[in-house]
Amino acid sequence: MLKIKDARVVVTCPGRNFVTLRIETADGLYGLGDATLNGRELAVVSYLADHVIPCLIGRDAHQIEDIWQYLYKGAYWRRGPVTMSAIAAVDMALWDIKAKAAGMPLYQLLGGACRSGVMVYGHANGQTIEETVEEARKYQAMGYKAIRLQSGVPGLPSTYGVSGDKMFYEPADGALPTENVWSTAKYLRTVPKLFEAARLALGNDVHLLHDVHHRLTPIEAGRLGGSLEPYRPFWLEDPTPAENQEAFRLIRQHTTTPLAVGEVFNSIWDAKDLIQNQLIDYIRATVVHAGGITHLRRIANLAELYQVRTGCHGATDLSPVTMAAALHFDLSIPNFGVQEYMRHTAETDAVFPHAYSFKDGYLHPGDAPGLGVDLDEALAARYPYRRAYLPVNRLEDGTLHNW
Ligand SMILES: O=C(O)C(=O)C[C@H](O)[C@H](O)CO
Ligand SMILES: [Mg+2]
């Protein structure tokens with residue numbers, strides 16, 4: 001038995017907010033779990049500190065599945081991003097402890113490596129198509145095999161995915177939500193031109209991706225998918241909100257562009273119909289927001305039956321603890337597709353020293369026991385929490401739209 005002696009939540013803001021759970025056993029082993037929910041961080045802090053940690057003390061850290069079931073079924077109120085991020089943090093920390101106890105990198109406990117590295121995609125973005133293509137060339141020069149393209153839209157002052165700080169994009173930029181303006185017509189005129197220019201400039205060997213960020217209706221998404229087909233995108237992400245999983249049938253009827261969905265999903269139930277009806281090609285659920293490694297493996301196993309591959313969310317709001325967990329997961333599952341990789345700043349990397357590394361377009365989690373990521377608590381304490389919200393989007397007439 002590995003008795004859980006103590007657990008605490010650490011909140012730090014080395015440029016952006018991160019919530020980390022640290023679980024300690026009576027034998028002196030400890031594990032880390034990420035619980036960051038961008039823009040709603042303190043809700044998860046309270047859920048963990050007030051409601052989860054008291055139930056963990058004295059339990060056997062080895063019983064990962066039982067503790068998962070205890071927290072999920074035991075709450076009675078199932079699912080939801082706050083609950084599932086809190087459970088995910090516990091799950092990650094327990095896997096970290098188990099792998100440290102075994103003296104192995106976590107991917108070995110998950111069944112061993114299925115590949116030599118994890119293909120990642122980086123984010124090229126610019127105010128104009130020309131600037132975005134220039135940025136994409138830089139990613140190509142760094143060895144990236146897959147690049148996401150997001151460009152400014154003429155006539156719209158700002159839009160999701162385009163930032164001044166190219167490497168470390170952080171959308172949660174205000175103490176109150178920033179307001180963006182949206183026009184579907186202007187956007188739909190821009191994206192095919194972006195892809196045409198990028199294919200011409202970058203050649204055929206690089207994978208090109210795009211995130212619609214939930215802003216189209218199904219029929220608009222079908223039209224966009226169709227117009228991008230000549231440029232062979234790797235995927236079109238979140239073409240329409242996915243609460244209504246049925247909506248993707250309409251998109252499928254109009255395009256063979258592969259679809260990727262799921263960064264806001266928090267359980268297998270959000271993805272079940274999309275996967276079973278083969279309405280998507282990539283599932284983007286992530287370790288931190290979808291109940292941890294234990295639950296994400298269940299989603300990936302279901303997806304494998306239907307030839308749906310994974311493409312885990314990896315924006316900067318997912319801490320290095322999640323990135324490490326995702327890499328162990330990615331390396332060990334048969335139906336891995338691609339991993340998103342937005343780099344963290346030097347300040348964040350210093351707070352979370354880690355063993356994972358990038359080479360020639362691939363990340364590897366490293367071979368340190370456990371997740372291979374640590375938390376420098378003294379340094380973390382130097383960066384107190386700062387309230388920061390994600391933006392909202394309004395149509396040109398003021399109607400609130402999807403951001
Ligand atoms: O990285 C992506 O694909 C995103 O869509 C990033 C999200 O906007 C971000 O994680 C929200 O916190
Ligand atoms: Mg996205």
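A polar contact here is a pair of N or O atoms within 3.5 Å; within protein, one must be able to donate a hydrogen and the other to accept it, and residues adjacent in sequence count only if both atoms are side-chain atoms. This is a predicted model, in which local features need pLDDT of at least 70 and side-chain atom pairs count only at pLDDT 80 or more, while totals for chains, interfaces and linings use all residues. Residues are numbered from 1 along each chain as its sequence is written, chains are lettered from A and ligands numbered from 1 in the order in which they are written, and side-chain values use heavy atoms, with hydrogens and water left out.

View 1. Start with tyrosine 160, where a polar side-chain atom lies 3.1 Å from an oxygen atom of ligand 1. Arginine 284 has a side-chain N or O atom 3.1 Å from a ligand oxygen too. For aspartate 317, the distance from a side-chain N or O atom to an oxygen of ligand 1 is 2.8 Å. Taken alone, ligand 1 exposes 320 Å², and the protein buries 95% of that (Shrake-Rupley areas with a 1.4 Å probe; for residues, only the protein chains shown count as cover).

**View 2. Here are the pocket and the shell of ligand 1.** Ligand 1 sits in the largest pocket. On a 1 Å grid over the protein atoms alone, a pocket is an open set of points with protein on both sides within 12 Å along at least five of seven lines; to sit in one, a molecule needs more than half of its atoms within 2 Å of its grid points. Of the 14 residues around the ligand (a heavy atom within 4 Å), Asn38, His213, Glu263, Asp317 and Glu340 come nearest. The shell splits into four nonpolar, three polar and seven charged residues (Ala, Val, Leu, Ile, Met, Phe, Trp, Tyr, Cys and Pro are nonpolar; Asp, Glu, Lys and Arg are charged; the others, Gly among them, are polar).

View 3. With a relative accessible area of 3%, threonine 240 is buried (under 20%; exposed is over 50%, partly exposed in between, with a 1.4 Å probe and protein chains only). A polar atom of its side chain lies 2.6 Å from the backbone oxygen of leucine 216.

**View 4. Two loop residues have a positive phi.** Most residues other than glycine have a negative phi. Arginine 232, in the loop between α7 (218-228) and β8, has a phi near 50°. Its relative accessibility is 45%, so arginine 232 counts as partly exposed. Glutamine 278 has a phi near 50° and is found in the loop between α9 (268-276) and β10 (282-283). Glutamine 278 is partly exposed, at 43%.

**View 5. Sequence and space can be compared at cysteine 114 and alanine 102.** Cysteine 114 belongs to the loop between α4 (106-109) and β4 (118-126). Cysteine 114 and proline 334 are 220 residues apart along the chain, with their C-alpha atoms separated by 6.4 Å. Alanine 102, in helix α3 (residues 81-102), is 25 residues from tryptophan 77 in sequence and 34 Å away in space, C-alpha to C-alpha.

How values were computed
1 Å grid on protein atoms, 1.4 Å probe; cavity = no way out; pocket = protein on both sides within 12 Å on 5 of 7 lines; lining within 4 Å. Helix = DSSP H or I, 4+ residues; strand = E, 2+ residues; numbered from the N terminus.
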